[in-house]
Amino acid sequence: MYTQASQRIQEPKSLVRRLFDFLVPKLISGHGKRAMFITSLYFELSPVKGGGLRDPDRDKDILRLHDGALERLNAVMDVAKSATALRFPAVFRSLVWRDCNVRDIVSTEDFQKGIVTENVTSIAEKLVDAMPPVLRYETRPKMVGEVVKLLRNGPGLARAA
């Protein structure tokens, strides 16, 4: 099966991904989906490197080093009551975005500079369209607006990451 975004052959979903797709709509509220979407997207776009689910020990070290980034993300996006709650979605970012290379839509370098062009809304729409459907929450315009905010605040969020 070909994907529209990258025109590459898509591999069958792994058991872990199928469980994720099955459990998220049943167990995670709209607020939790928002936290998972925004945090995982931030970590996927940021220069923070890590192994995701494949290397949990390395991710623990990375998240410890980047608690400041989680604090800044939470301060700007008001995602959770505590930035430590964002660690879980950050670790799962590789699973969330496994089927989509968000860097085909926006590069890490552009995210770090901040996207202030008139096409920021178009870029945000592409990211929302590429997200896993199980993480959809509220309305599409609300989600696009939040991604626009994330993209415009990229430089402040990415510093010291």
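In this predicted model, the residues R34, I38, T39, Y42 and F43 of helix α2 make contact with A69, L70, L73 and M77 of helix α4. Sorted by class, the residues of this contact between α2 and α4 comprise 7 nonpolar, 1 polar and 1 charged. The axes of α2 and α4 come within 11 Å of each other and cross at roughly 125 degrees, and that angle makes α2 oblique to α4. The crossing of these two helices, α2 and α4, is right-handed.

**The overall fold**

The protein has 161 residues, of which 44% count as buried. Among the contacts in the protein with a separation of 6 or more, 72% are accounted for by residues 24 or more positions apart.

**Helix α9 and its partners**

Helix α2 also packs against α9, at an angle of about 35 degrees and with the two axes 11 Å apart, in a crossing that is right-handed. On the α2 side, the residues in this contact are R34, F37, I38, L41, Y42 and L45, and they meet M143, E146, V147, L150 and L151 of α9. The classes in this contact of α2 with α9 are 9 nonpolar, no polar and 2 charged residues.

Helix α4, which spans residues 67-77, packs against α9 as well, at an angle of about 130 degrees and with the axes 11 Å apart. At that angle, α4 is oblique to α9, and α4 passes α9 in a right-handed crossing. Here L73, V76 and M77 of α4 meet E146, K149 and L150 of α9, and the residues of this contact divide into 4 nonpolar, no polar and 2 charged.

| Helix pair | Angle | Axis separation |
|---|---|---|
| α2 and α4 | roughly 125 degrees | within 11 Å |
| α4 and α9 | about 130 degrees | 11 Å |
| α2 and α9 | about 35 degrees | 11 Å |

**The buried side of helix α8**

Which residues of helix α8 are buried? In this helix, which covers residues 120-130, the buried residues are V120, I123, A124, L127 and V128. Seen down the axis of α8, these buried residues fall within an arc of 135 degrees, so they line one face of the helix. The buried residues of α8 pack against α2, residues 30-45, and against α9, residues 140-152.

**Helix α4 and the residue that follows it**

The buried residues of α4 are A69, L70, R72, L73, N74 and M77. Among them, A69, L70, L73 and M77 also take part in the contact with α2, while L73 and M77 are named in the contact with α9. G68, which also has its place in helix α4, is instead partly exposed, with a relative accessible area of 34%. The C-alpha atoms of G68 and A83 are separated by 8.9 Å, although these residues are 15 residues apart along the chain.

Just after α4, D78 takes a positive phi of about 50 degrees, and this is a positive value in a residue other than glycine. D78 is placed in the loop between α4 and α5, the latter being residues 87-91, and D78 is exposed, with a relative accessible area of 58%.

**Two further places to look at**

Another residue other than glycine with a positive phi is E138, for which the value is near 45 degrees. Where does E138 have its place? E138 is found in the loop between α8 and α9, and E138 is exposed, with a relative accessible area of 62%.

V16 and L95 are 79 residues apart in sequence, and in space they are 8.3 Å apart, taken from C-alpha to C-alpha.

Technical notes. Residues numbered from 1 in each chain as written. Predicted model: local features only at pLDDT ≥ 70, side-chain atom pairs only at ≥ 80, totals over all residues. Heavy atoms only, no water. Buried < 20%, exposed > 50% of the residue type's maximum accessible area, 1.4 Å probe, protein only. Helix = DSSP H or I, 4+ residues; strand = E, 2+ residues; numbered from the N terminus. Arc of directions from axis to C-beta. Contact = heavy atoms within 4.5 Å. Axes fitted to C-alpha atoms, helices over the stretch in contact; angles between N-to-C directions. Parallel < 35°, antiparallel > 145°, perpendicular 65-115°, else oblique. Left-handed = near helix turned anticlockwise from the far one by under 90°. Nonpolar A, V, L, I, M, F, W, Y, C, P; charged D, E, K, R; others polar.
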